[in-house]
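Subject: Structure for your files

Hello,

Here is the structure I said I would send. My notes on it follow below.

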Amino acid sequence: MEKSEFERVIEQLPIGACIINQDMTITFANPTFLGGLTIRQPDLVGQHLLTVFEEQARFLKRKIDSVFILKNPSFSYWQQRPHVFPMRSSRPITGDESQMYQNVQFMPLSNDNAEVTHVSIFVTDVTAEASYFIQQSDLKNVLEEEHQQLKVLHQELKVAQKQMLQSEKMASIGQLAAGVAHEINNPIGFVSSNLETLKDYALKLIKTTQTQKKIIEKQAEERFIKLLEDVYERHGVDFILEDLPELLDESLNGAERVKKIVNSLRDFALNDEEDWAEVDLCAEIESTLVVLKNELKYKVQVEKDLPHEPIFIKGKAGKIRQLLFNVILNSLQAIDTGGTLTIGCKKNGDKITLIIKDTGAGIAESDLERIFDPFFTTKEVGQGTGLGLSEVYTIIEEHEAGIDVLSKEGEGTCFTFVFNTFKAPLN
């Protein structure tokens, strides 16, 4: 085949082709290359490549220099550089691809002495393949996003299911706790009563023993007095007479504490379906602190600013206990050892203000608006369901009360509740 025939074949190829020499001068460009350009260039032969394609000059020079120096082909694929030359697409798929996505090959042309004298540049239109790939990538991204949304929804459903099971367990535990509290109350009652009687008996026996000793020391012979002193010393009677009243007082105090804990536990386990009544808010605070005493001990200093006289609000006692329990427990969990929990309550006209403030970790500003959302929690996985404060908000709405939260990371959180006094029952 003659040279002219080769040239005709190259001119008919659907691939853009041009050849440049070592001076970067274009020595050949086929019709596909010329026809695809978006710049008006009737003939490129004889022009400097880097002058014609000024915006791409730096990239083209680096590629072509590497071919001349290394004597090896170089490639540019559309994923890394979609539009090397300013060319229009020859076969757009959607009509949106005005520019040609192209793969470009830079091939060395050598003389008989294996010296690279020219570089041929081949531009292949891959707009169809690129468009299909981009569409598939976009679809993949959409599917992945939907998959992530489904995963989040699935996780929320799992948490909801777990919470429902937990609620059922807690309801059963509440019933069990109320029953156990009732059963404990009876023996604690007669133990306390017996201890009171025992204390009375002990005081009388102590007084009698002391009187007998004084009589013996005054009337008995010396040998009987020494015998009495020996008995007292061997059995530590003096210490027993001194320690016994204190021992009985401690036992009575312990029994009284057990009664308070049992009563608080029983009250806390009452059925939620209760009637509206006047609730002593200060008494409920004290009762809740008794239930949470184990959480408070050795960790938090509690500062109370409560009035001496009762403060009554109209509400459901069980719901108010649940509100206090959730908020105080939430504060305790946010406080490191050595922190302070402050609880204050005061009456202003027909309003009751309750303040629960802690020196805990605080809440980020971006999270403040979401703390009452169901399932929202900043705790680690497995340490919180995100339903405690959501339940608090539900109780506040039911009681037509107000709530305000102030918090700053690292400085703690302050919950302020405003209740109505002696308002007519809500139905």
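The accessible surface of the chain comes to about 27100 Å², and carbon and sulfur atoms hold 53% of that. Accessible areas come from the Shrake-Rupley method with a 1.4 Å probe, and for residues only the protein chains shown count as cover. This is a predicted model, in which local features need pLDDT of at least 70 and side-chain atom pairs count only at pLDDT 80 or more, while totals for chains, interfaces and linings use all residues. Residues are numbered from 1 along each chain as its sequence is written, and side-chain values use heavy atoms, with hydrogens and water left out.

The chain as a whole

Of the 427 residues, 33% count as buried. Buried here means under 20% relative accessible area, exposed means over 50%, and partly exposed is what falls in between (1.4 Å probe, protein chains only). The chain has 12 helices and 12 strands; these are DSSP runs numbered from the N terminus, with helices being H or I of at least four residues and strands being E of at least two. Among contacts in the chain with a separation of 6 or more, 63% are between residues 24 or more positions apart. Contact means heavy atoms within 4.5 Å.

Helices α8 and α10

Helix α8 covers residues 281-291 and helix α10 covers residues 317-334; their axes come within 10 Å and cross at roughly 50°. Axes are lines fitted to C-alpha atoms, for helices over the stretch in contact, and angles run from 0 to 180 degrees between N-to-C directions. The two helices are therefore oblique to each other. For the terms: under 35 degrees is roughly parallel, over 145 roughly antiparallel, 65 to 115 roughly perpendicular, and the rest oblique.

Residues in loops

M24 sits in the loop between β1 (16-21) and β2 (26-29). M24 has a positive phi of about 70° although it is not a glycine, and at 7% relative accessibility it counts as buried. K71, in the loop between α4 and β3 (74-76), also has a positive phi without being a glycine, with a value near 60°.

Q56 is in the loop between α3 (49-52) and α4 (57-70). Its relative accessibility is 12%, so Q56 counts as buried. Leaving out residues up to four places away in sequence, Q56 touches V84 and P86.

Residues in helices and strands

The same exclusion of residues up to four places away applies to the contacts of F122, G402 and I216.

F122 belongs to strand β5 (residues 116-125) and is partly exposed, with a relative accessible area of 28%. F122 touches I15, G16, A17, N103, V104, Q105 and M107. F122 and F33 are 89 residues apart in sequence, and their C-alpha atoms are 8.6 Å apart in space.

G402 is in strand β11 (residues 402-408) and has a relative accessible area of 26%, so G402 is partly exposed. The contacts of G402 are with I396, T416, F417 and V418. Between the C-alpha atoms of G402 and F419, 17 residues apart along the chain, the separation is 6.7 Å.

I216 is in helix α5 (residues 127-219). With 30% relative accessibility, I216 counts as partly exposed. I216 touches I225 and L228; from I216 to L228 is 12 residues in sequence and 8.4 Å in space, C-alpha to C-alpha.

Regards
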